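The sequence and structure come before the notes.

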Amino acid sequence: MYMLIQKLGIREWLVRQSPVLVGALAIAEIFYKFGSFLLEAVAFLITWFFLDAITELVLHRKRRDDR
């Protein structure tokens, strides 16, 4: 996380990750009731990863189509 913020910069990281982070938090809060903090935290991180990957694929495809 530190390396990611250092590489992108705090402003760019917030702009790119805030919507995805909020979405992952909402999904985790609504659906993940495992009874274990560790399992819920891991599921949240996996959700965040996949939402970010999907977002980047869609945005990258859109940028490529605009050219």
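Q17 is buried, with a relative accessible area of 8% (buried means under 20% relative accessible area, exposed over 50%, partly exposed in between, with a 1.4 Å probe and protein chains only). The model is predicted: local features need pLDDT of at least 70, side-chain atom pairs count only at pLDDT 80 or more, and totals for chains, interfaces and linings use all residues. Residues are numbered from 1 along each chain as its sequence is written, and side-chain values use heavy atoms, with hydrogens and water left out.

**Surroundings of Q17**
- Q17 is found in helix 2 (helices are DSSP runs of H or I, at least four residues, numbered from the N terminus).
- Leaving aside neighbours within four places in sequence, Q17 is in contact with W48 and D52 (contact means heavy atoms within 4.5 Å).
- The side chains of Q17 and D52 are joined by a polar contact of 3.1 Å (a pair of N or O atoms within 3.5 Å; within protein, one must be able to donate a hydrogen and the other to accept it, and residues adjacent in sequence count only if both atoms are side-chain atoms).

**Nonpolar core**
- The largest nonpolar core has eight residues: W13, V20, A24, A28, Y32, A43, F44 and W48 (a set of buried Ala, Val, Leu, Ile, Met, Phe, Trp, Tyr and Cys residues joined through side-chain atoms within 4.5 Å).
- Helix 2 (10-31) and helix 3 each give two or more residues to this core, and helix 2 gives the most, with four.

- V58 lies in helix 3 (residues 37-66).
- V58 is exposed, with a relative accessible area of 53%.
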